[in-house]
Structure formats: structure tokens, C-alpha cells
Amino acid sequence: MRTDGSSLVAGGPGRRVITGFSNPTVKSLRALREKKHRKAAGKFLAEGLRLLTDARESGFLPETLVMAETRDTHPLLAALEADVHAARGEVIVTSPDILSKITGKDNPQAVAGVFTEFDTSLASIDRSSSPVWLVAQALRDPGNLGTMLRTGDAIGAGGLILIDDCADPFSAEAVRASMGAIFTQKVARAQWEEFLPWLREGTGQLVAASLRNAVPYRGAPYAAPCFILVGNESRGLPEEYEAACDLKVTMPMKGRADSLNAAVAAAVLAYEVIAALSP
């Protein structure tokens with residue numbers, strides 16, 4: 001028995017069993033649900049075998065793997081655990097109740113992992129690696145953020161650039177909503193005053209959905225690499241941000257609604273851009 005109340009047991013090489021809610025490791029893992037603690041630690045949580053398998057297949061392994069003691073056996077989980085051990089990561093076995101405390105969910109999945117946050121600087125972006133990039137300004141809903149990552153994965157975008165004060169892409173809600181795309185899409189964060197000069201230093205067309213001096217989104221003259229810009233869910237884009245765009249397009253609203261959800265608008269426009277740029 002260790003001094004922290006955990007113990008090493010048989011049933012897996014190097015597994016550590018934690019049985020106490022007050023264990024320091026439980027407290028540190030639980031703290032990752034809060035943004036300030038994620039930022040301080042430079043780590044984030046991801047939950048579920050499918051999501052962790054997507055991470056593994058994308059070249060990312062959790063440094064800590066937490067498994068419920070009542071979990072069902074599964075070959076994907078066995079492969080994941082073996083790879084974590086091979087990478088000198090830690091494997092923890094605990095009760096479903098403690099796992100629930102860590103993840104903050106009443107009915108947690110049987111496995112969760114701790115990952116190191118990625119480099120989110122603009123310098124990490126290679127704009128030539130994809131013809132389409134998604135850009136979100138002041139996006140506040142982590143569900144919308146995760147959906148945009150998922151859209152980017154679906155269309156083969158390079159990634160998502162978050163401008164100004166956006167939701168945290170490493171929050172549990174955003175990671176969950178991304179359905180694994182947090183591991184396949186590049187994510188960058190910057191202020192507008194940093195992003196625009198960076199964009200103008202190289203090739204790149206900045207496109208926004210707008211009602212001001214816009215052309216129909218179908219048949220518009222898109223060019224690669226195309227950066228699709230969407231604004232805040234309630235306020236949209238500031239007028240000066242729209243003015244800086246190379247192209248403004250409009251999507252028809254045939255019902256009573258005067259706009260689309262930000263993530264939906266990005267998806268509709270992204271598919272149109274991909275179709276236009278395809279040979």
C-alpha cells in the first residue's frame with residue numbers, strides 16, 4: 001500500500017488501484033474540469049473508449065489512463081493500455097463512483113485519459129497543408145466549438161483558429177462534442193490583431209457569411225487556402241472584421257429565421273467551398 005492510499009495490483013503491468021475519494025491523484029484529475037487548473041497543468045481530460053481510440057489512431061496517447069474496475073473487457077482497451085504502458089504512462093483502476101467524480105458525469109464511461117494540451121500558437125499552423133480552414137471569433141458555446149472541429153474533420157480542413165475570447169477547446173464539453181476531432185484538427189488561438197497580420201503574411205482568402213455587400217454563397221469565387229470566418233453566436237462578426245474579409249457571402253433564409261447557428265453556418269459554407277475548390 002502506498003502512502004497516498006493507492007496500491008499496485010496484479011491483473012495488468014503497473015496498474016495502480018485507487019479506492020479513496022480523497023486521494024491526491026483523484027483531486028488533481030478532478031481539477032482538470034476547471035479551466036484555470038487545465039491552464040496551470042497544461043493538461044486536459046478526454047472520456048470514452050471511442051474517443052481515446054481515435055486519439056491513439058491519430059498518434060496521441062494519454063499520459064494517464066483511468067479505468068473503472070467494473071468495465072467490460074475490450075480488445076481496443078487492451079491495445080490502448082498496452083500502448084500507454086509502452087510509452088511509460090500510468091494506468092489507474094478505480095471505482096465507477098470515483099471515475100464519476102473525476103469526469104463530473106453521473107454515468108461516466110468506463111475509461112478516461114489525461115492528455116497534454118497541444119501547441120495552439122499561430123506558428124504551429126501550416127496553411128499550405130489544407131485548402132480550407134475554419135475560423136471562429138468569440139465563439140462561446142463549447143458544443144458549437146466541438147461541432148466545428150467535427151465539421152473540419154469531416155471535410156478534411158486543416159483545423160480551427162479561435163479568435164479573441166472563445167470557449168476553451170480543451171474543456172470536457174468541447175472535447176466530447178468534437179467526437180475525436182480534437183485529435184485530428186489543428187487548433188490555434190489568437191487575438192484578431194495577431195491573426196490578421198499573420199494571415200496577410202502569406203496566401204489566404206478570408207471569407208465570411210454576411211448581409212452587408214455580400215454575394216450568393218453558391219458560385220462565389222473561392223480560392224485556396226480559404227479561411228472561413230464565423231462570429232459570435234448572438235452578435236455575429238464585428239463590422240470592422242467583416243470589412244477586412246476578401247469575400248463576403250450570403251446564404252438564403254427562406255423561413256422566419258434570419259440566420260443559422262454559427263457551427264451550422266460554418267458547415268454549410270465549408271462544404272460549398274470544398275466543392276468549389278475540388279478539381
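Visitor: Which strands and which helix do the buried residues of helix 10 pack against?

Guide: The model is predicted, so local features need pLDDT of at least 70 and side-chain atom pairs count only at pLDDT 80 or more, while totals for chains, interfaces and linings use all residues. Residues are numbered from 1 along each chain as its sequence is written, and side-chain values use heavy atoms, with hydrogens and water left out.

The buried residues of helix 10 pack against helix 6 (142-155) and against strand 7 (132-137), strand 10 (205-209), strand 12 (226-230) and strand 13 (247-250). Contact here means heavy atoms within 4.5 Å; helices (H or I, at least four residues) and strands (E, at least two) are DSSP runs, numbered from the N terminus.

Helix 10 itself comprises 16 residues, 262-277. From first C-alpha to last it reaches 22 Å, close to the 22 Å expected at 1.5 Å a residue, the expected span being 1.5 Å times one less than the number of residues.

Its buried residues (under 20% relative accessible area, with a 1.4 Å probe and protein chains only) include the alanines Ala 262, Ala 263, Ala 265, Ala 266, Ala 267 and Ala 270. Leu 269, Glu 272 and Val 273 are buried in helix 10 as well.

At the N-terminal end, Asn 261 caps helix 10. A side-chain oxygen of Asn 261 lies 2.8 Å from the backbone nitrogen of Ala 263.

Elsewhere, helix 3 (residues 49-57) also has buried residues, among them Leu 49 and Leu 52. Their cover includes strand 4 (64-68) and helix 4 (75-86). Gly 59, with a positive phi near 95 degrees, follows helix 3.

Notes. Buried < 20%, exposed > 50% of the residue type's maximum accessible area, 1.4 Å probe, protein only. Polar contact = N/O pair within 3.5 Å; in protein donor to acceptor, adjacent residues only side chain to side chain.
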